[in-house]
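Okay, thanks for coming, everyone.

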Amino acid sequence: MLKRVTTVILLLTLFSFNLLSVNAQEVESKGISMEKAKQIALGQVKGEILNAYLQDDDGKSKYEIIIQAKDGKYEVEIDKSTGKVLEVEREGNKGDRDDDDDDDERYDD
């Protein structure tokens, strides 16, 4: 009898861990992946990705991807849940004659 109870408890425990694993994968899979965000960003700006990270901004998650293009560095922001490009911004170059931010170009959708 004790052996059956132990077996049942063991099976229920394993089943519970399996359900937790499936739920964790579902939460993780909501929205686009970092790799997909990089592909979208490179579709906007041709170049080499220097940095990419996920950031929370007012409760919304977005990817920020820095790309080195031939004409300078760009920051591409992509909504994690939809994959929509939120902003493409050319960052000012340190070698510019002016030190102000007027040379930054923004492309908002």
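Predicted model: local features only at pLDDT ≥ 70, side-chain atom pairs only at ≥ 80, totals over all residues.

Residues are numbered from 1 along each chain as its sequence is written, and side-chain values use heavy atoms, with hydrogens and water left out.

Buried here means under 20% relative accessible area, exposed means over 50%, and partly exposed is in between, with a 1.4 Å probe and protein chains only. Lys62 lies in strand S2. By the way, helices (H or I, at least four residues) and strands (E, at least two) are DSSP runs, numbered from the N terminus. The side chain of Lys62 makes a polar contact of 3.2 Å with the side chain of Asp57. A polar contact is a pair of N or O atoms within 3.5 Å; within protein, one must be able to donate a hydrogen and the other to accept it, and residues adjacent in sequence count only if both atoms are side-chain atoms.

Now the strands. S3, residues 72-79, runs antiparallel to S4, and five bridges join them; two strands pair if DSSP finds at least two bridges between them. Val76, for instance, has Val88 as its bridge partner in S4. S3 and S4 form a hairpin with five residues between them, and Gly83 in the turn has a positive phi of about 80°. Five of the six residues of S4 (residues 85-90) are buried, so S4 is largely enclosed by the rest of the structure.

Next, helix H2, residues 34-44. Ala37, Ile40 and Ala41 are buried there. Seen down the axis of H2, its buried residues fall within an arc of 100°, so they line one face of the helix; the arc is that of the directions from the helix axis to the C-beta atoms. On the other side of H2, Glu35 and Gln39 are exposed. What do the buried residues of H2 pack against? Strands S2 (60-69), S3 and S4, where contact means heavy atoms within 4.5 Å.

One last thing: Ile78 touches Ala37, Ile40 and Ala41, among others, and Lys62 is also one of its contacts.

Technical notes. Lists of a residue's contacts leave out its neighbours within four places in sequence.
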